Number of protein chains: 2
Amino acid sequence: MPSTQTHATKPTDALDHIRGILGRQSVERELAGRSAGPRHELQHELLLRQQKGALWREVNQLHPADIAFVLENLPLTERRAVWEEVEPRHNGAVLLEVSDAVRANLLDWMDRQEVLDVTTHLDSDEIADLVPDLPQDVVPSLMERLAPADRQVVQSALSFPEGSVGSLMEFDATAIRADVALDVVLRWLRRRGSLPTGVATLPVVDRDGVLQGVLRLDRLLTRPGDTLVADSMDRDPVAFHIGDRAADAAHAFERYDLIAAPVTNIHGTLVGLLKVEAVLDHVKAASQRDLLSQVGLREEEDLFAPVWKSARNRGLWLALNLVTAFIASRVIGHFEGVIEQIVALAALMPIVAAVGGNTGNQTLALVIRGYALGQIAPSAFRRLLLKESAVGFVNGTVWGGTMAVATLLLYGDPGMALVMFAAMLLTLTFASLAGAFTPALLRRLGQDPAYGSAILVTGFTDSLGFFIFLGLAAAFLVR
Amino acid sequence: MPSTQTHATKPTDALDHIRGILGRQSVERELAGRSAGPRHELQHELLLRQQKGALWREVNQLHPADIAFVLENLPLTERRAVWEEVEPRHNGAVLLEVSDAVRANLLDWMDRQEVLDVTTHLDSDEIADLVPDLPQDVVPSLMERLAPADRQVVQSALSFPEGSVGSLMEFDATAIRADVALDVVLRWLRRRGSLPTGVATLPVVDRDGVLQGVLRLDRLLTRPGDTLVADSMDRDPVAFHIGDRAADAAHAFERYDLIAAPVTNIHGTLVGLLKVEAVLDHVKAASQRDLLSQVGLREEEDLFAPVWKSARNRGLWLALNLVTAFIASRVIGHFEGVIEQIVALAALMPIVAAVGGNTGNQTLALVIRGYALGQIAPSAFRRLLLKESAVGFVNGTVWGGTMAVATLLLYGDPGMALVMFAAMLLTLTFASLAGAFTPALLRRLGQDPAYGSAILVTGFTDSLGFFIFLGLAAAFLVR
């Protein structure tokens with residue numbers, strides 16, 4: 001089955017191939033430049049054109065998602081060269097597939113007319129997905145060009161808040177009635193000639209369009225033709241309201257192994273279809289965001305974005321980090337007199353801070369995961385705090401003890417070893433609490449619990465570790 | 001549509017309800033203990049039993065995934081009470097749904113016979129998913145009890161390496177032939193009376209069972225009945241080999257919006273079906289693992305695991321962290337003479353280390369994400385290194401400059417300000433490189449690039465920051 005194999009591994013192959021040809025061409029261009037006669041140059045030019053023509057044909061035969069993959073993984077000049085040769089009929093589909101950062105990039109390279117033409121090959125749901133990212137001044141003309149029915153769908157879709165089921169669903173109210181036989185449904189579908197792709201159920205509605213249940217296609221196909229829809233359908237299917245949170249819907253899709261689910265408005269009327277592909281994209285994007293946002297990277301960063309743009313994207317949180325580090329530095333500054341007397345403290349204090357920071361970040365990762373899975377109810381949070389501080393206490397005892405022994409061996413000072421032990425124990429216990437409280441606090445403030453939380457936790461545990469260690473040293477070691 | 005609404009939000013409601021009743025019961029038990037007469041006690045006992053009976057009926061009406069959710073979010077005593085009342089016919093499905101840590105927990109509470117009975121209500125694919133987690137000594141008896149065909153399926157499934165398509169697929173070779181009309185397919189399906197659920201296509205095979213293409217169900221349902229399967233099928237469908245990597249399959253599902261895809265063996269013969277639900281579980285688990293593994297948490301930790309178990313789970317990486325912190329401490333120890341002369345260095349040095357650590361972790365998060373998305377080819381890696389060090393250089397200039405001004409204002413020492421600037425610039429540049437190299441190195445060593453990488457990067461940048469800052473100070477500030 002070589003054909004299927006190439007399909008599944010296509011994008012990386014295509015990317016390597018394109019990189020190869022574009023790379024070879026620049027080498028050949030150099031060679032051609034150096035070659036003697038104008039005749040040689042002409043030959044090279046012809047060869048180049050031939051290769052390029054074949055390359056563009058190959059690119060345009062790829063699945064739009066694969067073209068998107070290729071574009072995302074090419075540096076800017078090569079990305080632009082490829083994008084200009086993508087046929088206009090693929091433009092819309094490719095724009096929908098690329099990451100936000102690369103989309104902005106591609107749109108920058110298109111003129112007004114090209115942007116307007118993008119929508120020709122998209123359906124209204126897809127247009128609605130794309131509109132928020134288009135240049136503001138193009139949108140009015142674009143809406144004017146749409147058929148009235150499409151315009152209405154796009155406008156409704158735009159009215160749903162981000163992260164709601166409404167914003168992810170497809171507007172499709174293909175549905176059947178409960179009081180007909182399966183054979184009638186089959187005949188109706190044949191006459192109709194179309195059905196949403198990638199669904200395994202058909203919604204069943206009453207005469208007012210109110211959802212009654214869903215009929216599984218496998219039942220439609222395998223049960224006797226004279227059975228009524230009413231006797232074959234699921235009467236308590238998982239369905240969503242347009243206003244439900246997409247994250248909750250994602251949990252339901254995962255729990256109940258759904259392929260697609262009907263979506264209703266406040267009157268219970270069927271208005272659309274939420275498909276697993278939209279949910280999968282949402283889950284993936286959300287988890288990637290969690291990973292990046294912990295270190296303060298909000299935007300999905302284009303791997304080939306200009307350096308200054310990347311630097312700016314990361315600068316904000318580095319600035320916050322500088323502030324927390326500065327606070328920690330002032331904590332130490334306050335104890336300069338102590339360090340002057342016992343300079344070994346300067347070498348030992350970062351150990352307390354580092355292990356404290358790590359402990360805090362371990363708790364943090366677990367709590368963020370718990371929030372993402374919807375596991376942390378208010379009553380569970382209290383229990384979690386208790387448990388995490390207990391874990392911090394146990395680890396503080398074990399590793400604080402280890403470090404106390406190391407300190408004793410290194411400096412031969414039992415007092416300093418005791419201070420080290422006590423400081424580790426206290427810091428690790430409080431660091432665990434900080435790791436649990438920080439995301440909870442961010443959530444309470446209406447922020448994403450993951451966003452920048454690692455920086456906040458590390459900043460806090462640094463100051464705390466220095467303060468506890470140097471404070472104990474000041475109280476017990478210096479006379 | 002209240003019925004659909006409750007379905008989608010069920011698990012948290014059920015959990016709160018169960019917590020409520022179990023909570024109230026312990027309060028009432030206390031009150032009953034305190035009450036005067038034995039008659040009161042009896043009354044309370046009866047009331048308790050009634051409430052409990054209703055509760056267990058409610059629990060057993062939940063979807064197995066919801067029972068799993070409830071169990072995961074109950075502390076150990078209450079979890080055990082609920083688990084003992086779950087009807088045996090749900091046991092298998094619930095065990096399949098819970099997290100690894102909770103599964104081990106539940107299996108501990110079951111005797112040998114109960115474990116054996118679990119498989120009665122599971123099909124062979126599900127048994128294969130469960131077997132690796134069952135107590136070793138039960139497995140032989142369990143395999144003996146299976147029907148020969150089931151046993152074979154379980155054995156083949158067990159032979160697939162973890163993370164392969166084979167390990168995620170369902171064994172199902174329901175397929176149709178290309179040379180028949182759609183009406184014949186419809187009649188055949190009715191006679192057969194069953195079809196895998198949650199699929200939107202039927203595989204098409206030749207007489208040797210070799211995959212020829214797939215027929216979309218929407219085409220089967222909407223095209224004229226005398227059309228041949230051959231004229232309606234997709235001839236180049238996305239299909240996988242049993243040995244393909246599950247991560248690659250997940251990318252393909254996302255790119256091509258698949259619901260299910262046929263799986264073939266090395267001869268191209270259809271052997272099974274990979275469904276989006278298995279892929280979704282895999283993606284979710286992998287991204288959760290990334291989040292946790294960066295801070296060295298390998299195991300999916302049970303939120304209610306005993307404290308000592310959690311402490312041990314985290315202790316290993318805390319120990320590594322202690323080692324890296326100890327190295328950083330020895331770097332400082334080497335410069336104790338310098339700090340003795342200029343004690344302000346002790347206060348300033350953690351700033352360099354902290355901002356360096358954060359810079360390294362930002363690059364790290366981007367690189368881990370790039371690996372997860374399959375974006376980092378060897379040629380892209382070189383480019384990435386260049387870009388990341390440039391970003392580190394730019395941010396080092398900006399924030400190093402800021403800190404130099406702050407140092408000047410605070411200590412009035414231009415030499416110290418210059419050392420601060422140079423140290424920030426160098427540390428941030430090298431920290432970016434460390435953030436890019438660490439996951440690449442872990443990958444080269446055959447490790448998960450995310451696992452513990454944050455701890456390694458932070459450890460390295462700490463030592464580096466201290467060394468650069470104190471080294472520059474020793475060279476230029478001390479005479």
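## A walk through a predicted two-chain model

Six of the six residues of strand β4 (residues 211-216) of chain B are buried, so this strand is largely enclosed by the rest of the structure. Please keep in mind as you read that the model is predicted.

**The β3-β4 hairpin of chain B**

What does β4(B) pair with? Strand β3 (residues 201-205) of chain B is joined to β4(B) by five bridges, and the two run antiparallel. Together β3(B) and β4(B) make a hairpin, with five residues between the strands. In the turn you will find B:Gly209, which has a positive phi of about 85 degrees.

**Chain A as a whole**

Chain A holds 23 helices and seven strands. Its radius of gyration is 31 Å, well over the 23 Å that the globule rule gives for 479 residues, so chain A is more spread out than a compact globule. The C-alpha trace of chain A spans about 95 × 80 × 50 Å along its principal axes. Of the 479 residues in chain A, 48% are buried. How many of the contacts in chain A between residues at least 6 apart in sequence join residues at least 24 apart? The share is 71%.

**Two open sheets in chain A**

One open sheet of chain A has three strands in the order β2-β3-β4, with mixed pairing. Its edge strands are β2 (176-177) and β4 (211-216), each of which pairs on one side only. Strand β2(A) runs parallel to β3 (residues 201-205) of chain A, and two bridges join them. Here A:Ile176 stands opposite A:Val204 of β3(A).

The other sheet described here is also open and mixed, with four strands of chain A in the order β1-β7-β6-β5. At its edges lie β1 (170-171) and β5 (240-241), each pairing on one side only. Strands β6 (residues 260-264) and β7 (residues 270-275) of chain A run antiparallel and are joined by five bridges. Within this pairing, A:Pro262 has A:Leu273 as its bridge partner in β7(A).

| Strand pair | Bridges | Direction |
|---|---|---|
| β2(A) and β3(A) | two bridges | parallel |
| β6(A) and β7(A) | five bridges | antiparallel |
| β3(B) and β4(B) | five bridges | antiparallel |

**A closer look at A:Arg216**

Leaving aside neighbours within four places in sequence, A:Arg216 is in contact with A:Ala200, A:Thr201, A:Asp234 and B:Thr197. The C-alpha atoms of A:Arg216 and A:Ser232 are separated by 8.2 Å, and these residues are 16 residues apart along the chain.

**Two helices of chain A**

In helix α6 (residues 88-97) of chain A, the buried residues are A:Asn91, A:Gly92, A:Val94, A:Leu95 and A:Glu97. They pack against α4 (64-72), α7 (100-108), α8 (112-118) and α9 (124-130) of chain A.

Helix α16 (residues 246-256) of chain A has buried residues too, among them A:His251, A:Phe253 and A:Glu254. Just after α16(A) comes A:Asp257, with a positive phi of about 50 degrees.

**Where the chains meet**

Between the chains, 119 residues of chain B are in contact with 117 residues of chain A. Which element gives the most to the side of chain B that touches chain A? That is helix α20 (residues 344-372) of chain B, with 18 residues. By class, this side of chain B has 61 nonpolar, 33 polar and 25 charged residues.

**Helix α20(B) and its partner**

Helix α20(B) also packs within its own chain. Its axis and that of helix α23 (residues 453-476) of chain B come within 8 Å and cross at roughly 145 degrees. The crossing of α20(B) and α23(B) is right-handed. Residues making the contact include B:Gly356, B:Gly357 and B:Gly360 of α20(B), along with B:Phe466 and B:Phe469 of α23(B). The contact of α20(B) with α23(B) has 13 nonpolar, eight polar and one charged residues.

Notes
Residues are numbered from 1 along each chain as its sequence is written. Chains are lettered from A and ligands numbered from 1 in the order in which they are written. This is a predicted model: local features need pLDDT of at least 70, side-chain atom pairs count only at pLDDT 80 or more; totals for chains, interfaces and linings use all residues. Two strands pair if DSSP finds at least two bridges between them. Two residues are in contact if their C-beta atoms, placed from the backbone, lie within 7 Å. Ala, Val, Leu, Ile, Met, Phe, Trp, Tyr, Cys and Pro count as nonpolar, Asp, Glu, Lys and Arg as charged, and the others, Gly among them, as polar. A residue is buried if 20 or more other C-beta atoms lie within 10 Å of its own, exposed if 12 or fewer, and partly exposed in between; C-beta atoms are placed from the backbone. Axes are lines fitted to C-alpha atoms, for helices over the stretch in contact, and angles run from 0 to 180 degrees between N-to-C directions. A crossing is left-handed if the near helix is turned anticlockwise from the far one by less than a right angle, and right-handed if clockwise. The radius of gyration is taken over C-alpha atoms; the globule rule is 2.2 Å times the number of residues to the power 0.38.
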